[in-house]
Amino acid sequence: TALLTSGMLVTACLILFMVAKAIYAAYAHPDEPFFHSSAAEAGMSWGWFFQSGEAADSSLNLKAGILFDTLGAGMLAVVGVVSFCVHLFSIGYMHGDRRYHLFFANISLFTVAMLGLVLSDNVVFVFIFWEIMGLMSYLLIGHLGQDPSSHRIKQAAADMNFPWTGP
């Protein structure tokens, strides 16, 4: 059916991500030490929200960027493999669920947020992707909301991910 195909499509995309990551790993230099480099050396950066009268590379501007160094490459591999396994398992586990498409939308956004968190080059975007992961975990925990304990568990997850919201 179309719902099962959507789950398989997302999982196939994760397979392609893992293959691309394996190809990158094949060309990586194992003698390079893990280090954190600046976005200017190992990534891309775009300036946003320019302040008037300031240069585009001013520290007053919010910059969005991708930081891809050897540590990020290792973390991308971990996130990719674990996400693929979770997606693959979820195809069978959620088969027949009436909100199958919603579950896969949430778990896919969770995966995108994890990948964004790994590739972020500044704290602002780490925070944004962290918040998206928190929201998606809240929605995934409460996916089977018919169980009365589901509300308590969702609330506990929200309190842990969003402590400023209060009890």
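## Met-75 and helix 3

Met-75 has its place in helix 3 (helices are DSSP runs of H or I with at least four residues, strands are runs of E with at least two, and both are numbered from the N terminus). This is a predicted model, in which local features need pLDDT of at least 70 and side-chain atom pairs count only at pLDDT 80 or more, while totals for chains, interfaces and linings use all residues. Residues are numbered from 1 along each chain as its sequence is written, and side-chain values use heavy atoms, with hydrogens and water left out.

With a relative accessible area of 39%, Met-75 is partly exposed (buried means under 20%, exposed over 50% and partly exposed in between, with a 1.4 Å probe and protein chains only). Met-75 lies 39 residues from Met-114 in sequence, and their C-alpha atoms are 9.8 Å apart in space. Met-114 is one of the buried residues of helix 4.

## The chain as a whole

Let us step back to the overall layout. The protein chain has six helices and two strands, and along the sequence they follow the pattern α-α-β-β-α-α-α-α. Of the 167 residues in the protein chain, 31% are buried.

Among contacts in the protein chain with a separation of 6 or more, 62% are between residues 24 or more positions apart (contact means heavy atoms within 4.5 Å).

Helix 3 covers residues 70–93. Its 24 residues should span 34 Å at 1.5 Å a residue, and this agrees with the 35 Å between its end C-alpha atoms (the expected span is 1.5 Å times one less than the number of residues). The buried residues of helix 3 include Thr-70, Leu-76, Val-79, Phe-84, His-87 and Ile-91.

Helix 4 takes up residues 100–119, and its 20 residues should span 28 Å at 1.5 Å a residue; the end C-alpha atoms are 29 Å apart, which agrees. Among its buried residues are Tyr-100, Asn-106, Ile-107, Thr-111 and Leu-115.

Ser-90 belongs to helix 3 and counts as buried at 5% relative accessibility. Leaving aside residues up to four places away in sequence, Ser-90 touches His-95, Tyr-100, Phe-103, Phe-104 and Ile-107.

## Aromatic pairs

How many aromatic pairs does a search of the whole structure find? There are three (rings of Phe, Tyr and Trp, the last by its six-membered ring, pair if their centres lie within 6.5 Å; planes under 30 degrees apart count as stacked, over 60 as edge-to-face and the rest as tilted). Phe-89 and Tyr-93 are stacked, because their ring centres are 5.5 Å apart and their planes are at 20°. These two residues are four apart in helix 3, so about one helical turn separates Phe-89 from Tyr-93. An α-helix has 3.6 residues a turn, so residues three or four places apart point the same way. Phe-89 and Tyr-93 are both exposed.

Phe-103 and Phe-104 make an edge-to-face pair, with 5.7 Å from centre to centre and 85° between the planes. Here both Phe-103 and Phe-104 are buried. Together with Tyr-100, Phe-103 and Phe-104 form one aromatic cluster.

Ile-66 sits in strand 2, residues 62–67, and is partly exposed, with a relative accessible area of 28%. Its C-alpha atom is 5.6 Å from that of Asp-121, 55 residues apart in sequence.

Phe-125 lies in helix 5 and counts as buried at 11% relative accessibility. Phe-125 and Gly-65 are 60 residues apart in sequence, yet 8.7 Å apart in space, C-alpha to C-alpha.

Ile-128 is partly exposed, with a relative accessible area of 36%. Val-124, Phe-127, Ile-128 and Ile-132 make a nonpolar surface patch of about 310 Å². Patches are made of residues with over 30% relative accessible area and no salt bridge, joining like charges within 9 Å and nonpolar side chains (Val, Leu, Ile, Met, Phe, Trp, Tyr) within 5 Å; a salt bridge is a side-chain nitrogen of Lys or Arg within 4 Å of a carboxyl oxygen of Asp or Glu.

Finally, Met-160 has its place in helix 6, residues 148–161, and at 70% relative accessibility Met-160 counts as exposed. Met-160 and Gly-134 are 26 residues apart along the chain, and 8.8 Å separates their C-alpha atoms.

Terms used
Accessible areas come from the Shrake-Rupley method with a 1.4 Å probe; for residues, only the protein chains shown count as cover.
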